[in-house]
Amino acid sequence: MSPIIEVAGLWTQFGDHIVHKDLNLTVMPGEVVSLVGGSGSGKTTLMRQILGLEQPARGTVKVFGIPLHGSKVQMVQKIRKRWGVLFQQGALYSALSVYDNIALPLRELRAFDEDFIHDMVMLKLDMVDIERRHAAKMPADLSGGMIKRIALARALVLEPELVFLDEPTAGLDPDRSESFVKLIRSLHQKLNLTVVMVTHDLDTLVSLSDKIAVLAEQKLIVYGSLQEAIAVKHPFILNFFLGERGLRALSAVGALGKLNSRI
Amino acid sequence: MTTNNMQQAPAQAILDPEVKESRTGDGSPAVTLSGAWDIRALEARAKLLKTRLRLLAADSGRRWDLSPIQRLDHIGALLLWQAWGKRRPAQLALAPGHEVFFSNLDSAAGAAPRVPFDPVRLVRALGAGMLLAHEHLIGMVQLIGQILIDSFDLLRHPLRGPWREISASVFRVGTQALGITALVGFLIGVVLSYLSAEQLKSFGANVFIVNILGMGIIRELGPVIAAVLVAGRSGSAITAQLGVMRVTEELDALSVMGIPHTVRLILPKIVALAIAMPLLILWTSGIALFGGAIAASMELGISVNSFLSGLPAAVPTANIWLAMGKGIVFGALIALVACHFGLRVQPNTESLGIGTTNSVVTSITAVIIADAIFAVIFSDIGMSFL
């Protein structure tokens with residue numbers, strides 16, 4: 001199988017400050033990859049570059065085998081219909097109702113009639129567990145958790161093969177964030193999505209990801225399973241995974257037993 | 001073009017959605033669907049396929065075989081389901097993995113949240129408009145009251161005043177507006193001078209250009225032009241700034257720290273505009289007169305020197321004080337209206353845009369109304385009679 005995302009020899013520089021130095025990353029279809037790293041390590045920048053929102057100083061980013069920077073606009077536009085993005089704050093259009101927010105990408109295609117769009121929107125609302133009576137509301141009248149769910153519905157409405165999640169559980173209470181994680185996991189299984197996410201939340205990270213990409217020292221210091229990641233001796237990993245909070249999250253999924261047996 | 005692009009993508013060789021009609025062994029009608037029934041394949045031909053499927057679905061005894069479909073998603077499933085009349089056909093064969101796409105479709109057909117027809121809509125709209133006007137009035141009165149209270153506090157404790165904010169605001173609304181007001185003032189002066197010169201020449205009343213420009217610009221045009229420019233430039237900026245602070249909860253942050261935002265944010269702007277506006281008016285009027293004088297010297301042969309030395313006789317000094325007074329009132333009005341609309345912004349982007357537009361329109365209208373009131377009240381002050 002050919003990779004969905006291929007980042008090769010990527011350099012990012014802000015003035016004299018080098019964020020990424022010769023960074024490589026490959027994501028295969030169906031994988032759930034989490035990007036982690038300390039603040040300022042360039043997780044969000046990397047994701048924005050993969051999304052084509054920012055241009056790397058050097059290197060190539062290929063999504064679905066098509067180079068994102070330097071391709072024709074129509075080509076990139078085609079890619080954009082095949083991925084969905086959940087922004088950290090949801091980024092719902094505040095001028096549009098919940099219904100219109102989800103219907104917008106479908107209407108932009110100009111391929112389906114309003115009846116179809118209505119049923120599709122309702123289907124997606126059901127999918128993310130939002131009651132229909134909220135469909136006519138404006139984003140300003142909704143809670144943070146609902147905004148995230150509706151933003152996810154909007155990201156999924158064009159049946160993407162690849163989904164980006166930027167801090168999917170940030171700002172949600174533990175209960176909500178757990179149900180959000182469950183939702184993403186079930187959608188991943190059901191729709192066979194490839195997921196790339198940036199997260200700080202260890203519970204989310206541990207319970208969702210197949211692979212973890214740890215960004216530090218301007219490159220990926222580890223790219224592999226959770227067990228492989230925590231086996232690496234690096235101050236960031238020691239702090240992040242094997243600090244007090246990390247141990248709690250890891251012990252909850254029984255990942256520690258394997259680790260202890262290794263050490 | 002489309003197919004070419006897609007073929008370059010890995011694992012995405014494009015497949016067409018295919019419909020094949022047939023008969024089963026006992027002669028009953030059947031249809032077999034194959035290929036890709038996902039959004040990528042359907043995007044271009046959803047409407048055609050829907051019509052075709054509707055025709056096929058009209059025969060309710062038809063057997064549907066969907067098992068050869070290679071790719072299916074919710075879009076394809078919904079398209080089929082709508083063609084079937086929003087229910088499953090009696091005889092349906094699905095590939096095992098595709099059941100999930102049809103499983104929750106039945107609930108999707110709920111009634112749309114339609115807005116019911118309201119026979120008294122106009123009455124309601126009128127009432128809502130009145131209530132809104134009332135709300136604006138109350139808000140404005142409250143704001144003015146709060147600012148008066150704050151001003152008295154400020155007089156009692158002058159050291160605690162927001163002096164730094166005031167000086168920063170004077171710089172922003174005053175100093176930084178010098179360029180644009182000069183440019184516009186100069187051009188208005190030139191245009192006005194040319195127009196008047198044409199008329200005066202035909203009457204041989206060349207010298208009266210000084211009176212026309214002097215009175216017109218110093219008393220009316222200078223203040224109004226400067227005020228309109230400042231309303232567009234600083235009024236909108238103030239509304240947008242306060243609006244963004246509302247959106248980002250900065251206003252709430254100030255409140256919970258016990259820092260009244262009227263003192264820190266609004267009072268400085270009103271004071272700053274009340275200080276800067278009269279000065280801007282003097283500046284604008286001066287430049288406009290200069291432009292007028294240059295145009296007059298070219299058109300009528302009145303030298304700039306004699307134009308300027310003729311001014312004091314043509315325009316009594318009271319007019320300058322009147323213009324300054326207008327400036328203070330206009331400046332305070334613009335800031336007040338801008339702050340009022342800024343504080344009313346709801347935490348969403350659309351409200352920010354509407355608030356800014358309303359703020360500029362209202363403050364310009366308020367300036368013109370105030371100018372008319374000035375004209376009536378001070379009609380016999382500062383006039384020069386020959």
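**First stop: a loop residue in chain A**

Select A:D129: at 61% relative accessibility, A:D129 counts as exposed, because exposed means over 50% relative accessible area, buried means under 20% and partly exposed lies in between, judged with a 1.4 Å probe on protein chains only. A:D129 sits in the loop between α4 (114-127) and α5 (144-156) of chain A. Helices (H or I, at least four residues) and strands (E, at least two) are DSSP runs, numbered from the N terminus. Look at the backbone here too: phi of A:D129 is near 65 degrees, a positive value in a residue other than glycine.

Before moving on, note that this is a predicted model, where local features need pLDDT of at least 70 and side-chain atom pairs count only at pLDDT 80 or more, while totals for chains, interfaces and linings use all residues. Residues are numbered from 1 along each chain as its sequence is written, chains are lettered from A and ligands numbered from 1 in the order in which they are written, and side-chain values use heavy atoms, with hydrogens and water left out.

**Another positive phi**

Now select A:Q218, in the loop between β9 and β10 (219-224) of chain A. Phi of A:Q218 is near 65 degrees, again positive in a residue other than glycine. With 29% relative accessibility, A:Q218 counts as partly exposed.

**Salt bridges**

How many salt bridges are there over all chains? The count comes to 18, where a salt bridge is a side-chain nitrogen of Lys or Arg within 4 Å of a carboxyl oxygen of Asp or Glu.

Select A:K211 and A:E31 together. They form a salt bridge whose closest N and O atoms are 3.3 Å apart. A:K211 lies in strand β9 (residues 211-216) of chain A and A:E31 in the loop between β2 (17-27) and β3 (32-37) of chain A, so this pair ties together parts that are 180 residues apart in sequence.

Next, pick A:R133 and A:E131, whose side chains meet in a salt bridge at 2.9 Å, N to O. A:R133 counts as exposed at 57% relative accessibility, while A:E131 counts as partly exposed at 47%.

Switch to chain B and select B:R156 and B:D153. Their side chains are joined by a salt bridge of 3.1 Å, N to O. Both residues lie in helix α6 (residues 121-156) of chain B, three residues apart, which is about one turn of the helix. B:R156 is exposed, with a relative accessible area of 61%, and B:D153 is partly exposed at 35%.

Back in chain A, highlight A:D100, A:R107 and A:E114 at once: these residues are linked in a network of salt bridges.

**Last stop: a buried serine**

Finish at A:S209, in the loop between α7 (202-208) and β9 of chain A. A:S209 is buried, with a relative accessible area of 15%. Its side chain makes a polar contact with the side chain of A:S34 at 3.2 Å. A polar contact is a pair of N or O atoms within 3.5 Å; within protein, one must be able to donate a hydrogen and the other to accept it, and residues adjacent in sequence count only if both atoms are side-chain atoms. Also show the backbone oxygen of A:L205, which lies 2.3 Å from a polar atom of the A:S209 side chain. Which residues are in contact with A:S209, leaving aside its neighbours within four places in sequence? Select A:V32, A:S34 and A:T204 to see them; contact means heavy atoms within 4.5 Å.
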